Amino acid sequence: MTNRFLAPHIALMIAIGVGFVPTAASAQALFFHVDGGPGDRQAYYSNTLVMDRTPPSETFNLSLIGIKQIDVTIIHENAGKPELTMLRMQFECPSMYAMAAGKGDKAIPKSAPVRMRIGEGSVMLRRDLQNEEIPPGSWVTTNDPAMLKARKLACNEAEVKQAMSDSYRNQRFDMAAFNAKLRPFGLTEGIMVLAETTWSEQVELSWSRLWRGSKRPDPTGKFSRPATDAERAEAAAKMAVLTKELETLTSQIRGKYEQSTKNLAAGFEFDEAAAKLRGDRKPRGIEAQLLMVWQAKPEEDVFAKMGPALVSNSGDLRILSYGQQYDNRVLVGSTSGATWVEGTYKSCDVQFVTIPDRSGVRRVADVRISVGASGDGWLGVNTGDACGELLQAPGN
């Protein structure tokens, strides 16, 4: 897509779209791309929820690549294409480890091309208004402008949401300020924040504002004639069923939601206690990576994964120690009577420091690793090499 297509549509939406600019309390979607010429245009929308789809094995293998998923809805003008397509787009992004190590740009370039695939749950709405599932796809490399933008939205989820939050002023949304905050991430063309989050709203928005005056395909006749009494009654009945289901679901999850909120608050409280325990000590390297996956895990999880430990207590602190060593040193002698040691010695000690949370449950607050080595020509020791199987992730 080129600017000559996007610019007039953005200008049109700004000129006539004051009513659909969201407030801070509303649900939100993004209009981020349009391409094609009259009669074959496509409008691209996304939600603001990004899911992490990185396999757990890759997460703990400290890969520089993570997988992020974002839902992208494409509204089609061409009668030969579906009414809309909703794609669960998965993109390769810099992982949290790459970002923490300052290797984000090196792991995944900001520029084209990008690696992506279609995830499970994608669907198209045909012109006869019937849904058709789209099967998951394989990884492909593309230079498609829309996918370049979608990847930037997915890989910079936290920054996009922060820019959104910072752009609300006096209960109104400053679209210019929002777009200015996105430019450092390569999103240099206009992106609109919308309150229209459902398929039907985005279809209506595309036809009534983007493509005003263009004839909408209507093979079923449902868009060119008023609904019949029977159709209205059927819709009302379906809505009543959905409303009842929603009320039941709301009742069921309210208690769980309230408990989750309490658990979240307790989690923040524990994180603060753990940070206070570590004080000025800044875990780095493998220590920091282990702490990222182990912090706040119950002490029982450590025993379940690592087995029995050497346990020591000091006040509220409990230290669970695990160690291993490798030693192939031998004493060598010569005919002259001289002796020396050949071979190497490596040792690793991993300590999980636990403290009680507000409920008295002991959880991991710190992970400390100590390694050592000796031997002819040995100038240092690699932590991963020395510790090996002691560097474990929680769970299976």
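Predicted model: local features only at pLDDT ≥ 70, side-chain atom pairs only at ≥ 80, totals over all residues.
Is Leu129 buried, exposed or partly exposed? Hold that thought for a minute. First, some orientation.

The chain has 396 residues, and 36% of them count as buried. Its secondary structure comes to 12 helices and 17 strands. Now look at contacts between residues with a separation of 6 or more. Of these, 63% join residues 24 or more positions apart.

Back to Leu129. Find the loop between β6 (123-125) and β7 (131-133); Leu129 sits there. Leu129 is partly exposed, with a relative accessible area of 25%. Its backbone deserves a look too. Leu129 is not a glycine, yet its phi is positive, about 65 degrees.

Ala296 is another case. This residue is not a glycine either, and it has a positive phi of about 80 degrees. Where is Ala296 placed? It lies in the loop between α10 and α11 (299-306), just after α10. Ala296 is partly exposed, with a relative accessible area of 25%.

Step back into α10 itself, residues 285-294. Which of its residues are buried? Glu287, Gln289, Leu290, Leu291, Val293 and Trp294 are. Keep Val293 in mind.

In soluble globular proteins, nonpolar side chains tend to be buried together. Here, the largest nonpolar core has 44 residues. Phe91 and Phe178 have the most contacts inside it. Which helix gives the most to this core? Helix α5, residues 145-155, with six residues.

Take Phe91 on its own. Set aside its neighbours within four places in sequence. Phe91 still touches Gly66, Ile67, Lys68 and Ile70, among others. Further along the chain, its contacts include Arg115, Met116 and Trp139. Met147, Ala150, Arg151 and Ala154 are also on the list.

There is another core, apart from the largest one.

Next, a pair of helices. Two packed helices are described by the angle between their axes and the distance between the axes. Our pair is α6, residues 157-166, and α7, residues 175-182. Their axes come within 9 Å and cross at roughly 150 degrees. Anything over 145 degrees counts as roughly antiparallel. α6 and α7 are therefore roughly antiparallel to each other. The crossing of α6 past α7 is right-handed.

Which residues meet there? From α6, they are Val160, Ala163, Met164 and Asp166. From α7, they are Phe178, Lys181 and Leu182. By type, that contact has five nonpolar residues, two charged and no polar. Note Phe178 in that contact. It was named with Phe91 for having the most contacts inside the largest core.

One last stop: Val203, in helix α8, residues 199-210. Is Val203 buried or exposed? Val203 is buried, with a relative accessible area of 6%. What does Val203 contact, beyond its neighbours within four places in sequence? The answer is Ile75, Glu83, Leu84 and Arg216. Now look at Ile74. Val203 and Ile74 are 129 residues apart along the chain. Their C-alpha atoms are separated by 9.1 Å.

To recap on the opening question: Leu129 is partly exposed, whereas Val203 is buried. That's the tour.

Note on methods. Residues numbered from 1 in each chain as written. Heavy atoms only, no water. Axes fitted to C-alpha atoms, helices over the stretch in contact; angles between N-to-C directions. Helix = DSSP H or I, 4+ residues; strand = E, 2+ residues; numbered from the N terminus. Parallel < 35°, antiparallel > 145°, perpendicular 65-115°, else oblique. Left-handed = near helix turned anticlockwise from the far one by under 90°. Contact = heavy atoms within 4.5 Å. Nonpolar A, V, L, I, M, F, W, Y, C, P; charged D, E, K, R; others polar. Core = buried A, V, L, I, M, F, W, Y, C linked by side-chain atoms within 4.5 Å. Buried < 20%, exposed > 50% of the residue type's maximum accessible area, 1.4 Å probe, protein only.
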